[in-house]
Amino acid sequence: MNAPRSIAAPVTGAAGRFFSGAGLLLRGLGLYVRSPGLMLLGVLPALLSGVLFVAAFATLIYFVDDLAALVTPFADDWSTTPRGLLRVIAGLAFLGLGGLLTVVGFTAVTLVIGDPFYEKISERVEERLGGTPGAVEVPFWASLRRSVVDSLRLVGLSVLFGIPLFAAGFIPVVGQTVVPVIGATVGGWLLAVELVGAPFSRRGLRLPDRRARLKADRATTLGFGVAVFVCFLIPLGAVLIMPAAVAGAALLARRSLGQHIQEG
């Protein structure tokens, strides 16, 4: 474990590795756009699930005032200003939880829908870097089953973490500053673990292997995952960035396994 870690995580400090991880997303975008034949196929699954989740989040925004009032019935008899402030905070808590679940749910569903396309993008990236060391044959149905199981696990974990973050969102100031940062960090970690599933699976490695390798350089992993999470919050960002995130995840997987990520 120590040797791969030293290769995968150059000693540049936690902040340096964090930004290096974010840079993997940009490199993934560069690698992805150099394969024009895959670009349209990569966007289509994200577009399909994007429409669904944008509609769901828009519905949440429309009803957020009603939801805020529903969870704060004790404030009905309060004066206008404190009642309004409390319900604004409650509304922001709902939107924060909704944002986390939307990003994670979008990723999970898109990876299932687009599994063959994203698998091909990931493979193409690794081919540019010399191939996949220790590759094993992964049948289509086995790959799809892994994608579905991992996606369900991802959504379940996001709900598990999202509930206490939602509750913490009611804390004045902290709920509007610290909690969103924690939410992006948790969401980024979950996205990174999910997105590297394909390259790890091609090597016959499973979820515990993913977690162990990514934890060995947590700063780089979080840099990549948080960058993806933030991009996914931008309107249309999730649709356009998803294929690049898959390409960047192939680079993150190689780096975490101590394999080179430079072409040539």
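Modeller: I start with the charged side chains, then move on to a helix, the rings, the surface and a loop.

This is a predicted model: local features need pLDDT of at least 70, side-chain atom pairs count only at pLDDT 80 or more, and totals for chains, interfaces and linings use all residues. Residues are numbered from 1 along each chain as its sequence is written, and side-chain values use heavy atoms, with hydrogens and water left out.

Side chains of opposite charge can pair when their charged atoms come close. Here a salt bridge is a side-chain nitrogen of Lys or Arg within 4 Å of a carboxyl oxygen of Asp or Glu. The structure holds eight of them. Glu119, Glu126, Arg202, Arg203 and Arg254 are linked in a network of such bridges. That network is the part to look at closely.

Take Glu126. Its relative accessible area is 0%, so Glu126 is buried. The cut-offs are these: buried means under 20% relative accessible area, exposed over 50%, and partly exposed in between, with a 1.4 Å probe and protein chains only. Glu126 meets Arg202 in a salt bridge, 2.7 Å from N to O. The pair links distant parts of the chain: Arg202 is in helix α8 (residues 197-202), Glu126 is in helix α5, and they are 76 residues apart. Helices here are DSSP runs of H or I with at least four residues, strands are runs of E with at least two, and both are numbered from the N terminus. Arg202 has 6% relative accessibility, so it counts as buried.

Glu126 also forms a salt bridge with Arg254, again at 2.7 Å from N to O. Arg254 lies in helix α11 and Glu126 in α5, so this pair ties together parts that are 128 residues apart in sequence. Arg254 counts as buried too, at 1% relative accessibility.

Stay in α5 for another pair. Glu123 forms a salt bridge with Lys120, with the closest N and O atoms 3.8 Å apart. Both residues lie in α5 (residues 115-128), three residues apart, about one turn of the helix. Glu123 is partly exposed, with a relative accessible area of 25%. Lys120 is partly exposed as well, at 39%.

Helix α11 (residues 237-256) has a kink of about 35 degrees, centred on Pro243. The bend at a residue is the angle between axes fitted to the seven residues ending there and the seven starting there. Gly258 follows α11, and its phi is positive, near 75 degrees.

Next come the rings. Rings of Phe, Tyr and Trp (its six-membered ring) pair if their centres lie within 6.5 Å; planes under 30 degrees apart count as stacked, over 60 as edge-to-face, and the rest as tilted. The structure holds six aromatic pairs. Phe18 and Phe19 have ring centres 5.6 Å apart and planes at 85 degrees, so they pair edge-to-face. Phe18 is partly exposed at 28%, whereas Phe19 is exposed at 60%. Phe106 and Phe232 are also edge-to-face, because their centres are 5.6 Å apart and their planes stand at 90 degrees. Phe106 lies in helix α4 (residues 80-113) and Phe232 in helix α10 (residues 218-233), so the pair ties together parts 126 residues apart in sequence. Phe106 is buried at 4%, and Phe232 is buried at 7%. Phe94, Phe166 and Phe170 form one aromatic cluster.

On to the surface. Leu40, Leu41, Leu44, Leu47, Val51 and Phe117 form a nonpolar patch there, with about 520 Å² of accessible area together. Accessible areas come from the Shrake-Rupley method with a 1.4 Å probe, and for residues only the protein chains shown count as cover. Patches are made of residues with over 30% relative accessible area and no salt bridge: like charges are joined within 9 Å, nonpolar side chains (Val, Leu, Ile, Met, Phe, Trp, Tyr) within 5 Å. Helix α3 (residues 36-71) gives the most to the patch, with five residues. Val51 is found in α3, and it is exposed at 55%.

Last, a loop. Most residues other than glycine have a negative phi, and most peptide bonds are trans. Val173 has a positive phi of about 70 degrees although it is not a glycine. Val173 sits in the loop between α6 (140-168) and α7 (174-195). At 59% relative accessibility, Val173 counts as exposed.
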